Amino acid sequence: MSTLTRPPKVATDSPVRRTSPRRAGRRGAYKGLLFMLPFLIGFLLTYVVPIGYALNQSLHEKKSSGIGFGPTKVVFAGFANFAAILADGAFWAGMLRTLLFGAAQITVMLGISLLLALLLDGIAARAVRFFRAGLLIPYVIPGVVSTLIWLFLYSPTASPIVDIADRLGTSVTFFGGINTYLSLGNLLTWQGIGFNMILISASLQALPRELYEAARLDGAKEWRIAWSIKVPNITGILVLTGMFSLIGRLQLFTEPLFLRYVAPESISTDFTPMLEIFDRAFKTGDYQYAAAESLVLAVVTGVLAFVFYRVTNRKMS
Amino acid sequence: MSTIRTRAVAGAAAALSLSLVLSACGGGDGSDSAAKTTKGDVKLEFWSWTDGIEAQVGVWNKAHPETQVKFVNAAGDTVYQKLRAAVTSGNAPCLSKMDGMNLANFAADGLLTDISEVAAPYKSRYTAPAWNAVSPGGATYGIPTGSSPLFTAYRADLFQKYGIKAPKTWQDLIDAGKAVQKKDKGVKIYNMAGEDPSTLVDLSWEAGAQWYKLAGDHWEIGFTSPEALKAGDVVQQLVDNDLASNASYADPGVFKTWDLGHTIAMTTSTWQLPIYDTNFPKSKGEWQLADSPAFDPAKPQTSSNFDVTAVLKGCKYPDRAAQFAAWLSSSKESLTALTDPKSKSGLFPAVKDVSPYVDKIIPAEMFNGKSDSAQVITTAASRVGDQWQYGPNYAAMYSEMQKQWGQVMKKEITVKEMLTHLQDWVLADLKSKGVKAVAAG
Amino acid sequence: MSSATHDAAAPGGGARPTRRAVALTTGLLIVFLLYSLAPTWFLLVASTKNQTDLYSTFGLWFSANHLADNFQAIWDYHDGVFGRWLLNSVVYSTVGAAGSTLVSLAAGYGLAKCEFKGRGALFGVIVGASLLPSTLLAFPLYLVFAEIGLTNTVWAVLIPYFINPFGVYLGKVYADTSVPTELMEAARIDGASETRIFFSVALRLMRTGGITIFMLDFVNIWNNFFLPLFMLNGERSFPVTLGLFSWVQQAQTARDMNTLVLTGSLLSIIPLAVFMFALQKYWRSGILMGSLK
C-alpha cells in the first residue's frame with residue numbers, strides 16, 4: 001500500500017537530539033534490553049528470520065525431471081537467480097518506471113499539498129477546520145476502497161466521466177501511453193494530498209512568527225511572504241517527505257493491481273517490481289526467483305535510503 | 001478461526017532457523033501410493049470458493065457420517081500460494097478447488113496425490129476433455145467439477161440490420177466483421193480483452209492445435225504448428241482490421257460494451273448466462289445463441305475451461321476424497337442443486353449427459369426465442385476438443401504470454417512473433433528445469 | 001506543545017488581505033475540496049443503485065433508491081459475514097495498535113533512557129527496518145509462519161502488527177522529549193523499581209506520543225490488506241478490506257457483486273472516519289511532535 005496512507009515514514013528524518021542519561025549507564029544494558037525484549041523477540045521472528053529464509057531460498061532453484069510431473073527437487077543454485085535478475089531488462093525497466101513515475105507524481109502531490117497548506121495558513125480559523133476536514137476525507141478512506149472508487153471512475157464502460165464526455169460528443173480514455181501514468185498519478189495524488197497538507201501545515205505553524213511578522217509590518221504581500229519566507233524554511237521537510245515517499249513508491253502494488261482490471265494491456269504484470277514478484281510467487285509458484293527479486297528490491301531500497309540519508313545530512317548541517 | 005498457540009510462538013522462534021534450513025531443501029519424497037481402501041470414520045478438509053458448495057457439503061455430511069467434510073471458503077487471489085505453503089508445511093487440506101492450469105502446475109511441482117487407481121471407477125461419468133484436465137501427463141490428480149464450453153451469442157436485430165448471418169466459421173466471422181465496419185466504423189463483431197490471452201487459447205484449442213503434447217517420455221512443443229498458426233492468424237486479422245473491441249472482462253461495466261450495441265457478438269459460456277437479464281437492460285430480448293464458429297465445419301470443435309477438485313499431497317484418504325468429489329460433481333442430487341441459478345455457483349457439469357441441467361441456466365428475458373438455446377449449450381458441451389493438454393510449465397508460459405498479449409493488442413508485435421517467442425521460451429524454460437522437451441513436427 | 005496554540009496561531013495577524021486575495025484563496029480551496037469529495041460522492045450515489053441502474057443511469061446522480069435492498073443483500077450474503085468482517089477489522093486494529101503501542105513505547109524508552117553497548121547500531125537497524133516495505137516482507141514472513149503453523153490464526157496478523165520499527169523510533173523520540181531523566185532519578189532515589197518507573201511515571205508522560213502511535217497504527221492496520229491477504233484463509237477471519245477484495249474478484253466471475261462492493265465500500269469507511277475525526281486533535285499534535293522533533 002502506498003506510503004502516503006502510511007504517514008509514519010515521513011518523520012524519520014529528524015535529527016535526533018541525544019540527551020544521554022549519564023548515570024543510568026551501569027544498569028543500562030540490562031534494563032534497556034529488558035524493555036526492548038518484547039520488540040527484539042518479535043523483530044527476530046518477523047524481520048530477521050524471514051529475511052534469512054528469503055536469502056536461503058534465493059540461492060536455490062527448482063528442478064524436475066522426465067516429463068516434469070512428479071516431485072521436484074530444490075537444489076542449490078548459487079547466484080544463478082541473481083544473475084538472471086541482473087540480466088532481466090523487464091524487471092529493471094519496472095524499477096526505473098516506478099522511480100521516474102514516483103518522482104514526478106510526488107513532486108506534483110507535494111506541490112499541491114504545499115499550496116493548500118499555504119492557503120489554509122491565510123484564512124480564518126473556522127474555515128480552516130471546515131476545509132481541513134473535507135480535504136482529509138480521502139485519507140480516511142482505506143487504500144483498497146479509494147482504488148476501487150477510481151477503478152469505477154476510470155472504467156471505460158462504467159465511468160460517469162466517460163458518460164459526460166460521450167454526451168458532450170467527445171471521448172476520454174484513461175489508459176494507454178501517458179494517460180496510464182496520469183490516471184495512476186491522479187489516484188495516488190488524490191489519496192495523498194490531504195495527509196501531506198496536514199504535515200506541511202504543522203511545520204508551517206511551528207515556524208516562529210517573528211520570521212514573517214516583520215515582513216508583514218513592512219507591508220509585504222501574503223504570497224510574497226509565503227514564497228520567500230515560509231517556503232524556504234520548510235524545504236527540508238518537503239525534500240525529506242518527498243524522498244521517503246519515493247522509497248515507498250518502490251513497493252507500489254495495490255493500485256496498479258486493481259487498475260489492471262480495467263487496463264490490462266497498459267498495466268502489465270511486470271509494471272512495478274512488486275507486481276512482478278507477486279506474479280512470480282503467486283501465479284507461477286517460482287518462489288526461489290521471487291525471493292531473489294525481493295532481496296534485490298530491498299537492496300535497491302536500502303541503497304536509495306542510504307544515499308538520501310547522506311545527502312540530506314550534508315544539506316541539513 | 002483456529003486455535004491460539006501462544007506457546008508455540010516462543011518455543012518455535014528458537015528452533016526455527018534449523019528447521020527452515022532443513023525444510024527449504026526438502027522437495028518431498030513424492031511416492032504416495034494411494035490404492036488402499038480406508039476403513040472407519042475420517043475427516044477431510046476441502047477448500048473452495050464457489051458459492052453453493054458449502055450447502056452441498058452439508059448435504060453430504062448428513063448422508064455420510066463416515067466421511068465428514070470440513071468446508072473452508074478460501075476466497076482470494078492468493079489461494080494457490082497458500083495451498084503450496086500448506087502442502088510444504090504439512091497442513092494442507094485433502095481437497096481443493098483448482099482450474100486445469102493450476103492443477104497441472106501443482107502436479108508438476110509434486111504437490112498433488114496421484115489418485116489414478118482410486119479415481120478410475122469415476123472416469124466414465126465425465127467427458128474425455130474433462131478427464132484430461134485432471135490427468136496432465138497421464139496420471140490422475142483430481143476429479144472434474146465443472147465445465148464451461150464456449151458458444152456464441154449475437155444481437156439478432158443488429159445482425160439483420162447490417163445484413164450478416166451468424167458465422168459458421170471463423171472466416172465467416174471475419175468477413176461479417178468487415179461488412180459491419182464498412183457500414184459503421186464504431187461497431188465491432190468481436191471482443192478480445194487485453195489481459196486475457198484466453199481467446200488465443202480457445203482458438204488454438206478449437207483449431208486442433210497442441211501447444212503441449214506428451215510423446216512417451218518427452219513433450220512436443222507446438223506453438224508454431226500449422227494449426228496453432230491458423231488460430232493465431234484469426235486473431236491477427238481481427239487486430240489488423242480493427243474488428244474487435246478491447247473490453248476487459250474485469251471491467252465492472254463490461255457488459256455495456258454489448259448492451260449498447262458497440263460490439264454485436266460475443267463468445268460466451270454457461271457460467272455467464274444467469275447474470276444476463278440484470279446486465280443487459282437495454283438489449284435483452286434481442287439476443288440469440290449460436291454454435292461457436294469452427295475452423296473445419298466438417299469437424300467442429302469448441303473449447304472449455306474446467307473446474308476441478310484436486311487431491312493434495314499428504315491427503316491420507318484419497319479414496320474417500322475421490323468419492324466425495326465425484327459425488328459433488330456427478331450425482332444427480334448435487335448437480336441439480338448446484339446448477340440451480342439460486343445457488344449462485346455458476347457451475348455447469350462436466351458429466352457426459354448435461355441435458356437435465358441446461359434449462360434452468362437459460363435466462364428468461366435475454367434471448368429472442370428464435371433459436372433453441374438449450375440445443376446450442378448441449379451441442380457445445382459435446383464438442384469440446386479432447387486433444388488439449390496442460391504442460392508442466394503451463395502457468396509460467398501463460399504469465400509470459402499475458403505480457404506479450406498486451407503488446408499484440410497494441411499492435412506492437414504480431415501474433416506470429418508472439419508464438420515464435422513462446423515456442424523458444426517454453427523449450428528453454430523446460431530445459432532449464434530438467435524436463436525433456438523438443439519442438440513438434 | 002498542545003494543539004490549541006496552533007489553532008490560535010493559524011490566522012494571519014498583520015495586514016488584512018485584500019478581498020480579491022480572499023476570494024482567490026477560498027476559490028482554490030473549494031476547487032480542491034470538490035476534487036477530494038467528488039469520488040466519495042460517486043460512491044454515495046452508486047451505493048443507492050441496483051445492478052441495472054448502476055450502468056444505465058448517470059453515475060453522479062441518484063436514480064431509484066435501492067440502498068435498503070443493497071444493505072439487505074450485504075446482510076444476506078453468507079449469513080451476514082460482512083458484519084463479521086467489520087468486527088474483525090475493529091478487533092485487529094484495536095488489539096494490534098494497542099500491542100504495538102505498548103511494545104514500541106517500551107522499546108523506545110529502553111533505547112532512549114538506558115545506555116548500553118550497541119545502542120547506536122541497534123537504533124540504526126531499527127530505522128533501517130522501518131524503511132523496508134512491509135509488502136516485501138509479507139511473502140517470506142508467510143513462509144516462516146507457515147512453517148511454525150501460525151498461518152490462519154489471529155496471531156499471524158497480530159504479531160507482525162505488534163512489531164513496528166517506526167513506532168519504536170517514535171517511542172524513542174517521545175521518551176527523549178517528554179521524560180526528563182531527573183524525574184527518573186528522583187523516582188529511583190525514592191526506591192521505585194525500573195519497571196514501576198516505566199509504568200507509573202514514563203508511560204503517563206508519553207501519553208500523547210502513545211496515542212499518536214496508536215492512531216497511526218490503527219489506521220494502518222485498518223487499511224492493510226496485504227498481510228491478511230497472505231496470512232488468513234477462510235472468509236470468516238477476513239478484515240473488511242480483504243472481504244471487499246474477495247467480492248471484487250467474484251465480481252469478475254460468476255455473479256453480480258458490484259452493488260455489494262460499492263455499498264460495502266461505503267460502509268467500511270464509516271468506522272474509520274468516525275475514529276479519525278473523534279481523535280483529530282491528538283492526531284495533529286502527535287504528528288507535529290513526531291515530524292518536528
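Student: Which strands form the open sheet in chain B, and in what order?
Tutor: In this predicted model, three strands of chain B make up that open sheet, in the order E6-E7-E12, and the pairing is mixed.

Student: Which strands stand at the edges?
Tutor: Strand E6 (212-215) and strand E12 (437-439) of chain B do. Each has a single partner strand, so one side of each is left without a neighbour in the sheet. On average, neighbouring strands of this sheet are turned by 30° against each other, direction ignored.

Student: How many bridges join E6(B) to E7?
Tutor: Four bridges, and E6(B) and strand E7 (residues 218-221) of chain B run antiparallel. To find the pairing by eye, look for B:Tyr212, which stands opposite B:Ile221 in E7(B).

Student: And what does H17(B) touch when it packs on the sheet?
Tutor: H17(B) touches E7 and E12 of chain B, and its direction makes about 160° with that of E12(B).

Student: Ok, staying with H17(B): at what angle does it pack with H10?
Tutor: The angle between helix H10 (residues 226-240) and helix H17 (residues 415-433), both of chain B, is about 140°, and their axes are 9 Å apart. That angle makes H10(B) oblique to H17(B).

Student: Which residues make the contact?
Tutor: From H10(B) there are B:Ala228, B:Leu229, B:Gly232, B:Val235 and B:Gln236, while H17(B) brings B:Val415, B:Lys416 and B:Leu419. By class, the contact of H10(B) with H17(B) has five nonpolar, two polar and one charged.

Student: Which strand is joined to E10(B)?
Tutor: Strand E4 (residues 142-155) of chain B is joined to E10(B) by four bridges, and the two run antiparallel. One residue to look at is B:Thr152, which stands opposite B:Ala290 in E10(B).

Student: New topic: chain C. How do H4 and H15 cross?
Tutor: Helix H4 (residues 67-76) and helix H15 (residues 258-278) of chain C cross at roughly 95°, and their axes come within 9 Å. H4(C) and H15(C) are therefore roughly perpendicular to each other.

Student: What residues are in that contact?
Tutor: C:Asn70, C:Phe71, C:Ala73 and C:Ile74 come from H4(C), and C:Thr259, C:Leu260, C:Thr263 and C:Gly264 from H15(C). The contact of H4(C) with H15(C) divides into four nonpolar, four polar and no charged residues.

Student: Where does C:Asp79 lie?
Tutor: C:Asp79 is in the loop between H4 and helix H5 (81-113) of chain C. C:Asp79 has a positive phi of about 55° although it is not a glycine, and with 10 C-beta neighbours inside 10 Å it counts as exposed.

Student: Which residues of chain C does UniProt list as "transmembrane region"?
Tutor: The unreviewed UniProt entry lists residues 21-44, 85-109, 121-142, 154-175 and 260-279 of chain C. In the model, residues 121-142 of chain C are 91% helix and 0% strand, with end C-alpha atoms 28 Å apart. Residues 260-279 of chain C are 95% helix and 0% strand, with end C-alpha atoms 30 Å apart.

Student: How many residues does the contact take from chain C and from chain A?
Tutor: It takes 92 residues from chain C and 92 residues from chain A. On the side of chain C that touches chain A, the largest share, 14 residues, comes from helix H2 (residues 19-46) of chain C. That side of chain C divides into 62 nonpolar, 21 polar and nine charged residues.

Student: Last one: how many helices and strands are there in chain A?
Tutor: Chain A has twelve helices and two strands. Of its 317 residues, 54% count as buried.

Definitions and conventions. Residues numbered from 1 in each chain as written. Chains lettered and ligands numbered in written order. Predicted model: local features only at pLDDT ≥ 70, side-chain atom pairs only at ≥ 80, totals over all residues. Axes fitted to C-alpha atoms, helices over the stretch in contact; angles between N-to-C directions. Parallel < 35°, antiparallel > 145°, perpendicular 65-115°, else oblique. Contact = placed C-beta atoms within 7 Å. Nonpolar A, V, L, I, M, F, W, Y, C, P; charged D, E, K, R; others polar. Buried ≥ 20, exposed ≤ 12 C-beta atoms within 10 Å, placed from the backbone. Pairing = 2+ DSSP bridges. UniProt positions renumbered as here; feature names shortened; annotations may be inferred.
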